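Let's get to know a protein model together, one question at a time. Have a look at it first, then follow along.

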Amino acid sequence: MSAGAASADRLAEARALGLNDFEYELIVEKMGREPNGVELAVFSLMWSEHCAYKHSKKLLGRLPTEGPHLLMGPGENAGAVTVGSGLAIAFKVESHNHPSAVEPFQGAATGVGGILRDVFAVGARPIAVLDSLRFGELSSGRSRYLLDGAVSGIGHYGNSIGVPTVGGEVYFEGPYEQNCLVNAMCLGIAREDRLIRSAAAGVGNLLVLMGARTGRDGIGGASVLASAELDSKDASKRPTVQIGDPFEEKRLLECCLELLDRGALRSLQDLGAAGLSSSSSEMASKGEVGLDIDVSRVPLREDDMEPFEIMVSESQERMLCVIEPDKLAELEEVCGRWEVRATAIGEVTGGRRLRVLDGDEVVGDMPVDALVDDCPLYDLEPAAPSEQIYAPPPRVLDPAADARETLLALLSSHNLASRRPLFEQYDSIVQSRTVRRPEDADAAVLQLAPDGGEGAIAVSIDGNGRRVACDPYTGTVEAVLECAANLACVGAEPLGLTNCLNFGNPEKPHVAWQLERSVAGMADALRELGVPVVGGNVSLYNESGDGPIYPTPVVGMVGALPDAALAPRSGFSEEGHVVAFVSAGVEPSLPGSELAKLRGDELPLGLPEVDVAAVREMLDAVRSAARGGGLASVHDVAEGGVAVALAESCLARGVGASVSLPDSSLDAMFGEGVGRFLVAGERSAIEALGDRAAVIGTVGGDALEIEGAGSWSLSELRDAHAALAEAFV
Amino acid sequence: MRFGVVRFPGSCDETDALLACKRYGDAELLWHGDSDLWGVDAVVVPGGFSYGDYLRVGAIARFSPVMDAVAEHARAGGIVFGICNGFQVLCEAGLLPGALLPNAGLRFVCRQVDVEVVNADTPFTRACEPGDILSIPVKHTTGRYYAPEEDLRDLDAHGQILLRYREGHNPNGSVADIAGVSNRERNVMGLMPHPEHAVDPLTGSADGGRLFESMATALAPA
């Protein structure tokens, strides 16, 4: 058999592992021979969409990744920005969609576990988790099951490990029925000089595996599960989902942070998708070195595991570090105290090859560059569809309904109802940093030091897939602006953004078009805002037999604010305060809105263009007013339009309001468009906003009254807004 | 005076408890594997998930070396304050009456609740008056206090019910709205709500601080 020629058996195996014939031939060429079984398993994962980003890497290059606050950009386990006074915030969002669609509790739990490890892998103590969830309509039993399982799983992991879940978002739309989305974001804090990278360094240094034993769970997770469409036989993929153990991870986290504090580690990397294969080759590639790994030294759950299984297992709660040989005793002492297993399984070599040994026998020998850099990147073949590819949602509200009925219907719709039944299942306060809890304000606010004094940050996560389905470019611009608006409401200036691009099969022209337009919109909006992408994740092949999900770019933004105590809440507080409407001049429109959804309207193909520069100017003005401390409340006008925003501001603290809108037509009251805010406070504070703010009424009473449209008692609004509780009985 | 806060593997709120204690006295962490309390005056057994709590909450922690020392401290009349998981551990260890069962709603619940001071004549509540309302958050899955009818009458008769959830605020179905109880001698208390998360108005409320203040003044040199 000559190099370059594929044997039929190996080729069939490669196809079963998700590689195409061209890719297999390329592997043979790079290896100079056919890969053996171990090598093929490693290549198939490293060259999977999930690990190699082969359909998205070229596009991602368009996103801005430079900024004045950036400390660590894309490519590390998590990105990081400086928040001044020598402190860094590391953060990242990641998907765990397909595992959650197959087994929601463990899928979501290990999604949280994985993103926590990404953050402490850079030396940062995790201080907050947020989640972004998408399910089908709750009229479906399957969607209720997935929602319940995912929420329980997120809570189980976050609550048990002592990291607060401070925010998130959830939408319910038909196209997510078979393919739910579970994205988890984590933020961590570190002294800037304590951030650590994953590059392996120092020939002769030891490679140490810490944490849980390696088992057969999660084998093929990155390729078979994450990089292919879901189908009806998904139950059979359940063994590819990992099982989480937050108690193990809690000890691992404390142990790693103590080792970093002592300066005992040269580099650190978490084991996520593709397990040892991916973590070791990434470390070797970044350090421009080679690694020898002896799989016979890896502690196993089952002692008859094959070398390839050990290399690809996605068992959770494991970290890989590089240490100097004379630090081994110290590492073992610290690990012993935290009851964390630690085993030297290999060493750093000079050869830039990843060698897999089973005792004395070499069972795999691969060039690191081929594994990490040589996977072919594919050009997308985008084609704009000539008509909307998504079916209109089912009609649940008569288009003839009046304002009274419409507002109650919107407040009780699952996309707008209070998220309290979800977030009460999460510990949002552990670590004593949470100054604004869920539904207190438009963004979560955390003080950096539990006893104050070091400033504060705000964080929000956003992404309305239906708007992106209407217009991938503008919908994504809106998602970025919505996230920045939430930060502006509490007075925070954005420092960096992390994204998770959840799309369908990129080999399909209309999905490729969505992806390309969406990334273009994100890039343009971020350049205008001056905010860099610090890292993120791409999740493709989110499709089922019913077609692709709504294209769902989820963005998480972290911002800084000088004084957490001044951060405005979203709810009206005091009788007699003046209510004003602040707008960047965007005309609200109904197509693509929540109301259009309830009415069962077709999704439009195209949304009104957004003047990003004008919105940015508005965000600057709102942020500056919010920081001044004079405004009692600031609330972004988002889904459901100004009427829903008014109701939310009344419900937050149980105070009514009486307003007169310049236009009380249904289109004006419930239409949507970015760059609009509701503020309340003393008249002098409102006047400081200049002519951007139009006074529309006053706070007070126990009802919301909108002149010419109707009056709603707080109790009927509250009952409508509590509609999501029924999903959790 | 000096507080000692026990740290088990899996404790989550020990750092928060330590910060709260430090507002009212000196404080340090006590390691679970250590059987010495290093001369602290009051022991706080904090919240979290000691040893992962996979078996039954608090069931493993009670066997740790530090708990032998805590039990001895309690028998000698020393102050021991268990919060949430710490309450569960103290019940498992037999230092407090009753037991904590899964919430009536069967789900984890994190919520700011009002509790009413029932007995202010204890080292944990002496900075309060009977009838005072304190706003303190709960966050637990296994917080439904239970004791048999007869024991409840006993607890009541001996002033061992220190805090109750205010009407409409019981988050877990606890019997008689009980949020916190003490032993007969009133030197050991368990509480499901987290007073260490209510020591600063900035993060929600400072009402929980009064319990730490009570302990600090009870132990302050006269």
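**Reading the model**

Chain A has 25 helices and 28 strands, where helices (H or I, at least four residues) and strands (E, at least two) are DSSP runs numbered from the N terminus. This is a predicted model, in which local features need pLDDT of at least 70, side-chain atom pairs count only at pLDDT 80 or more, and totals for chains, interfaces and linings use all residues. Residues are numbered from 1 along each chain as its sequence is written, while chains are lettered from A and ligands numbered from 1 in the order in which they are written.

Q: What is the radius of gyration of chain A?
A: The radius is taken over C-alpha atoms, and the globule rule is 2.2 Å times the number of residues to the power 0.38. For 729 residues that rule gives 27 Å, and chain A comes close to this, so it is as compact as a globular protein of that length. The radius of gyration of chain A is 26 Å.

Q: How are α22(A) and α25(A) oriented to each other?
A: Axes are lines fitted to C-alpha atoms, for helices over the stretch in contact, and angles run from 0 to 180 degrees between N-to-C directions. Helix α22 (residues 641–653) of chain A and helix α25 (residues 714–721) of chain A pack at about 100 degrees, with axes 10 Å apart. Angles under 35 degrees count as roughly parallel, over 145 as roughly antiparallel, 65 to 115 as roughly perpendicular and the rest as oblique. That makes α22(A) and α25(A) roughly perpendicular.

Q: Which residues of α22(A) make the contact with α25(A)?
A: Two residues are in contact if their C-beta atoms, placed from the backbone, lie within 7 Å. On the α25(A) side, the contact is made by A:L714, A:L717, A:R718 and A:H721. From α22(A) come A:A647, A:C650 and A:L651.
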